Amino acid sequence: SVRMREQNAHVARVLGIDSSTQSTKVELRDTDTGALLAHGRAAHPPTQPPRSEQDPGAWWDAVVGAVVDLGARRRETSALAISCTSGTVCALDAAGDAIGPGLLYADSRGAAGADPSWAVAKIGWLAEHRPDLVDRVASFTSPGGYLASRFLGRRAAIDVTQALKFGFDPGTGLWGSVPVAT
């Protein structure tokens, strides 16, 4: 309720979300003391390397499930922090919706001569092997970017630690030739 938010406005609670290969874990913490107030977890679908794919919608479903585990304390959230695997690629259409499976960092497919754990290698692989999907792509993002976009209702930028594997050069502040959600 609005009254509860006003009473707790001075109390900062951050919801930390960790979306990994196997599950999503969430923790609600008091930012003044660091105290753990509540936590939750929800599994992701298993993968079968060397082909490691997951439906990005399953990442969102896991976040929702893990947050439900927090019970009523979830309403105390005043900020979000999202971490995820780097090198995992999620293709987005012009509306910002995920299209096709997310290719996880552990997926060993990649463009010839490139480190397959890097997002740019996976994007190269998609361009070569899934042109039907790439023709519909407006941008690529990480799981963290996808989840932040779902929370915000609009595209969200990814942080520089994830962006490095997407071809971001922190020395110049420029992106490579790959369109990435920014």
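Let me start with a question: which residue forms a salt bridge with D132? Before I answer, the ground rules. This is a predicted model, so local features need pLDDT of at least 70 and side-chain atom pairs count only at pLDDT 80 or more, while totals for chains, interfaces and linings use all residues. Residues are numbered from 1 along each chain as its sequence is written, and side-chain values use heavy atoms, with hydrogens and water left out.

Okay, the partner of D132 is R130, with the closest N and O atoms 3.3 Å apart. By salt bridge I mean a side-chain nitrogen of Lys or Arg within 4 Å of a carboxyl oxygen of Asp or Glu. D132 is partly exposed at 43% relative accessibility, and R130 is partly exposed too, at 27%. For those words, buried is under 20% relative accessible area, exposed is over 50%, and partly exposed is in between, with a 1.4 Å probe and protein chains only.

There's also a network: R13, D30, R73 and E76 are joined by salt bridges that share partners. The total comes to nine salt bridges. Among them is K25 with D18, at 3.5 Å from N to O. K25 has a relative accessible area of 29%, and D18 has 29% as well. Another one is E27 with R29, where the closest N and O atoms are 2.8 Å apart. E27 sits at 34% relative accessibility and R29 at 28%, so E27 counts as partly exposed and so does R29.

On to the inside. A nonpolar core here is a set of buried Ala, Val, Leu, Ile, Met, Phe, Trp, Tyr and Cys residues joined through side-chain atoms within 4.5 Å. The largest one has 18 residues, and L15, V26, W59, V67, L70, Y146 and L147 have the most contacts inside it. Which elements give two or more residues to this core? They are β1 (13–19), β2 (23–30), β3 (36–43), α2 (56–68), β6 (90–92) and α5 (143–152). Helices (H or I, at least four residues) and strands (E, at least two) are DSSP runs, by the way, numbered from the N terminus. The element that gives the most is α2, with six residues. Then there's another core, lying apart from that one, with 15 residues, including W125, V137, F140 and I158.

Leaving out residues up to four places away in sequence, L70 touches L15, V26, A38, H39 and G40, where contact means heavy atoms within 4.5 Å.

Now α5. It's mostly covered, with seven of its ten residues buried. Those are P143, G144, G145, Y146, L147, A148 and S149. What covers them includes β1, α2, β5 (79–84), β6, β8 (139–141) and α6 (160–163). Just after the helix, G153 takes a positive phi of about 75°.

While we're on backbone geometry, P49 and P50 are joined by a cis peptide bond, with omega about 10°. P50 is in the loop between β3 and β4 (53–54). In general, most peptide bonds are trans.

What about cysteines? The disulfide count is zero, taking a disulfide as a pair of cysteine sulfur atoms within 2.5 Å. C84 is buried at 16% relative accessible area, and C90 is buried at 0%.

Two last stops, starting with P101 in the loop between β6 and β7. P101 is partly exposed, at 28% relative accessibility.

W118, V120, V160 and L164 make a nonpolar patch of about 290 Å². Patch residues have over 30% relative accessible area and no salt bridge; like charges are joined within 9 Å, and nonpolar side chains (Val, Leu, Ile, Met, Phe, Trp, Tyr) within 5 Å. The areas come from the Shrake-Rupley method with a 1.4 Å probe, and for residues only the protein chains shown count as cover. W118 itself is in the loop between β7 (102–103) and α3 (119–129), and is partly exposed at 34%.
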